[in-house]
Amino acid sequence: MPTREEMARNKYLAPIAHRFLSPELWRFTRRSVPRGVALGLFAAFIVPVGQIFLAAFLALPARANVPLSAAVTFVTNPLTLAFWLVIANKVGAFVLKVDAATVGVANDELASGRWEGWALGAFEVAGVTAFGFIVLSLVSATAGYLISSVIWRIVVARKRQRRLRQMEARLDRRLGAQEG
């Protein structure tokens, strides 16, 4: 993943590098982390190539964490593409109920001879899969935002409790030393 300095030196990003270099886009805060996760997941499923750049560009106006949004896009990669294609097809078919609704239409088209069977089937599968990816992008972005918000709050609460226990222990040691 490109570093902040590499992005600053990139000649294609030079016109907008000052926006990418804003420190608020590189900090891990309770607002920027869930936004970065959501945008990264959205970009990962919505675009087959260039997800990192899309996530980084979307992070600018949303004030999301740029490195996190770019890193989350690796959920979809060449090794997992076949898995996500099958999942997207199943999700798209489930949401659209294509199998039950178009059997009669597809059989009529095949019987008419106007379309080759494979072309119609390929078009149907591609459309269902593309719709499945849209559904996956929206659902995963929403779930990613909610889950990362909850995890962020849990982590921060644990850190705060640990700090409070340490402060209490130091205070007890001080008070114990003064009494003795």
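The UniProt entry, which is unreviewed, lists residues 37-59, 66-87 and 130-155 under "transmembrane region"; UniProt positions are given here in the numbering of this text, feature names are shortened, and annotations may be inferred rather than shown by experiment. The structure is a predicted model, in which local features need pLDDT of at least 70 and side-chain atom pairs count only at pLDDT 80 or more, while totals for chains, interfaces and linings use all residues. Residues are numbered from 1 along each chain as its sequence is written, and side-chain values use heavy atoms, with hydrogens and water left out.

Two of the annotated spans can be set side by side. Residues 130-155 are 100% helix and 0% strand, with end C-alpha atoms 36 Å apart. Residues 37-59, in turn, are 83% helix and 0% strand, and their end C-alpha atoms lie 10 Å apart. Helices (H or I, at least four residues) and strands (E, at least two) are DSSP runs, numbered from the N terminus.

The protein as a whole holds 8 helices and 0 strands, giving the pattern α-α-α-α-α-α-α-α along the sequence. Of its 180 residues, 29% are buried; buried means under 20% relative accessible area, exposed over 50%, and partly exposed in between, with a 1.4 Å probe and protein chains only. The accessible surface comes to about 12200 Å², and carbon and sulfur atoms account for 66% of that surface. These areas come from the Shrake-Rupley method with a 1.4 Å probe, and for residues only the protein chains shown count as cover. Among contacts (heavy atoms within 4.5 Å) between residues at least 6 apart in sequence, 70% join residues at least 24 apart.

Asparagine 65 counts as buried because its relative accessibility is 0%. Its side chain reaches the backbone nitrogen of leucine 68 at 2.9 Å. Not counting residues up to four places away in sequence, asparagine 65 touches Leu25, Trp26, Arg27, Phe28, Ser32 and Gly36.

The serine 32 side chain makes a polar contact with the side chain of threonine 29 at 2.9 Å. A polar contact is a pair of N or O atoms within 3.5 Å; within protein, one must be able to donate a hydrogen and the other to accept it, and residues adjacent in sequence count only if both atoms are side-chain atoms. Leaving aside neighbours within four places in sequence, serine 32 is in contact with Arg27, Arg63, Ala64 and Asn65.

Arginine 63 also lies in the loop between H4 and H5. Most residues other than glycine have a negative phi. Arginine 63, although not a glycine, has a positive phi of about 55°. Its relative accessibility is 47%, so arginine 63 counts as partly exposed.

Proline 67 is found in helix H5 and counts as buried because its relative accessibility is 13%. The C-alpha atoms of proline 67 and threonine 3 are separated by 8.2 Å, although the two residues are 64 residues apart along the chain.

Another pairing across the sequence involves leucine 85, placed in helix H6 (residues 81-96). Leucine 85 has a relative accessible area of 37% and is therefore partly exposed. Between leucine 85 and alanine 130 there are 9.0 Å in space, C-alpha to C-alpha, and 45 residues in sequence. Beyond residues up to four places away in sequence, leucine 85 touches Thr129 and Phe133.

On the surface, Ile46, Ile134 and Leu138 form a nonpolar patch, with about 230 Å² of accessible area together. Patches are made of residues with over 30% relative accessible area and no salt bridge, where like charges are joined within 9 Å and nonpolar side chains (Val, Leu, Ile, Met, Phe, Trp, Tyr) within 5 Å. A salt bridge is a side-chain nitrogen of Lys or Arg within 4 Å of a carboxyl oxygen of Asp or Glu. Isoleucine 46 has its place in helix H3 (residues 32-46).
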